[in-house]
Amino acid sequence: MKIFTIINFVFLMSLSAFTQENPVTWNINQSRSDDGSYNLHINADIQNSWYVYGMNLDEGGPMPLKFDINDKDNIIDSLDFKEVTQAITVYDDVFTMNVSSYQGKSEFLVNYVPKTEINSLTLIIDGQACNTENGLCTLIYEEIPITIQK
């Protein structure tokens, strides 16, 4: 009976180690610029006590937040990603460098010009989020299909 209890405990602990919560909810809105290009307004709602590492990080630091478009070389002529919400920069003892991150509500902008008439695309979000209370970090990876509003 004792061995059964130990096996159950080890199993439950390993299961909880692989269960990761998603601390970020993404919302995407679209608009059209006067020049005919398209805009994706990406809004991140980051849970309390969590942060997402910034887009512009030096080599040797944490995994930066990256946005991309699936198959962009074949469907996109021009592509520009920008942070609307400025990241907070602090010195990180673990990486021994300044690192930037986003907390709470953060906004990003993607401006693009399609090569041809396309009806949809897939936005890829890739990054890392960490919890300030327990130090737990989790990878963020989402592929979000978007129907282009014309």
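Author: Ring pairs join Trp26, Phe67, Phe81, Tyr102 and Phe108 into a cluster. Rings of Phe, Tyr and Trp (its six-membered ring) pair if their centres lie within 6.5 Å; planes under 30 degrees apart count as stacked, over 60 as edge-to-face and the rest as tilted. The model is predicted: local features need pLDDT of at least 70, side-chain atom pairs count only at pLDDT 80 or more, and totals for chains, interfaces and linings use all residues. Residues are numbered from 1 along each chain as its sequence is written, and side-chain values use heavy atoms, with hydrogens and water left out.

Reader: How many aromatic pairs does a search of the whole structure find?

Author: The search finds seven. One of them, tyrosine 38 with tyrosine 112, is stacked, at 5.4 Å centre to centre and 15° between the planes. This pair links distant parts of the chain, 74 residues apart: tyrosine 38 is in strand 2 (residues 38–46) and tyrosine 112 in strand 8. Strands (E, at least two residues) are DSSP runs, numbered from the N terminus.

Reader: Are tyrosine 38 and tyrosine 112 buried or exposed?

Author: Buried means under 20% relative accessible area, exposed over 50%, and partly exposed in between (1.4 Å probe, protein chains only). Both tyrosine 38 and tyrosine 112 are buried.

Reader: Which aromatic pair is edge-to-face?

Author: Tyrosine 102 and phenylalanine 108 form such a pair, with 4.9 Å centre to centre and 90° between the planes. Tyrosine 102 and phenylalanine 108 are buried.

How values were computed: Helices (H or I, at least four residues) and strands (E, at least two) are DSSP runs, numbered from the N terminus.
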